[in-house]
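Dear colleague,

I am passing on the structure we spoke about, together with some notes on what was found in it. Please look through the model first and then read on.

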Amino acid sequence: MAGLQDTSMSTAITYRSGRFKMPNIIVDIHEKDSGLFEDIFSRNMGDCTEEYLISGDVSISHNDKTIGIEIKREADFTNSLHSGRLSNQIVNMAELFDMSFLIVENWHPFLGDNDDEYTLADKVRKHELTIRTLNRRLITYETKNQNETIDLISEIIGDLTSGKLFRVKRKAVCIEIDTPSIVMLASLPNVGIERATAILNRFLTPLNAFSKIDEWETLKIGLTADRIDKIKEILGSD
């Protein structure tokens, strides 16, 4: 897909497996210290290249489809939620890839000096709610370690190359709009298609809308301050 990678910034180490119609796998250069590229290459999943990616940590292309995978490890998941960085990444991935995946690896609640079993349980509850909500925006998984992450990527690649990945038997939400920005906004609690359309008509792009989320109430479309606060909590906005 156009715009997926900047070949002028490629550092690459490229390996070719020589098998016919194997997927093209690009691992972002920023993952160099994690060993992600070496682990994927060792599984002989496809033609592997280590390059700069505009969005996502792994890009996988096969035939006319390209999927993106973003990996958030440990505290980086929580930090990216609260900073709003994850919301921006999700929007970019929706625009660049045919299908996007988020893998949350080795997450555990931060243990503060004032935490007890009740506060920790509440953190876990909020985390589970966040994962469920994210699953309405992109496909989200949790893994315990990088080995499980590689296993999952291998399964995803298998479904992609076999043609099963895009063969959906039942859609979770049935809508007749195929604009990714509207679909993504409409999946947020209390938004829906009509409100998502009104938000985009006002702010033009999801990135601009999220940066001005406190102004949504002025649209007079039934998004009260309380409802907006719930959306902000899910998005990790301050």
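Predicted model: local features only at pLDDT ≥ 70, side-chain atom pairs only at ≥ 80, totals over all residues.

As general background, nonpolar side chains in soluble globular proteins tend to be buried together.

Turning to the rings, the count comes to 3 aromatic pairs. In one of them, Phe-37 and Phe-41 have ring centres 6.3 Å apart and planes at 10°, and since planes under 30 degrees apart count as stacked, this pair is stacked. Phe-37 and Phe-41 are 4 residues apart in helix α1 (residues 36-42), which means that about one helical turn separates them. Phe-37 counts as buried at 3% relative accessibility, whereas Phe-41, with a relative accessible area of 36%, is partly exposed. Another pair, formed by Phe-210 and Trp-216, is tilted, with 6.2 Å from centre to centre and 35° between the planes; here Phe-210 is buried at a relative accessible area of 10%, and Trp-216 is buried at 0%. A ring is also involved in a contact of another kind, in that the charged end of Lys-65 sits over the ring of Phe-166, 4.9 Å from the ring centre.

Helix α4 (residues 117-134) has 18 residues and reaches 26 Å from its first C-alpha to its last, close to the 26 Å expected at 1.5 Å a residue. The buried residues of α4 are His-127, Thr-130, Ile-131, Thr-133 and Leu-134. Seen down the axis of α4, these buried residues fall within an arc of 165°, so they line one face of the helix, while Glu-117 and Tyr-118, on the other side, are exposed. The elements against which the buried residues of α4 pack are α2 (75-83), α3 (85-96), β6, β7 (139-143) and α9 (225-235).

Two single residues remain. Asp-28 is found in strand β2 and, at 4% relative accessibility, counts as buried. Asp-28 touches Glu-51, Tyr-52, Leu-53, Gly-56 and Asp-57, not counting residues up to four places away in sequence, and Asp-28 and Ser-55, although 27 residues apart in sequence, are 8.6 Å apart in space, C-alpha to C-alpha. Ala-209 lies in helix α8 (residues 206-211) and is buried, with a relative accessible area of 0%. Leaving aside its neighbours within four places in sequence, Ala-209 is in contact with Ile-199, Phe-203 and Trp-216.

Notes. Residues numbered from 1 in each chain as written. Heavy atoms only, no water. Phe/Tyr/Trp six-rings, centres within 6.5 Å; stacked < 30°, edge-to-face > 60°. Helix = DSSP H or I, 4+ residues; strand = E, 2+ residues; numbered from the N terminus. Buried < 20%, exposed > 50% of the residue type's maximum accessible area, 1.4 Å probe, protein only. Lys NZ or Arg CZ within 6 Å of the ring centre and 35° of its normal. Expected span 1.5 Å × (residues − 1). Arc of directions from axis to C-beta. Contact = heavy atoms within 4.5 Å.
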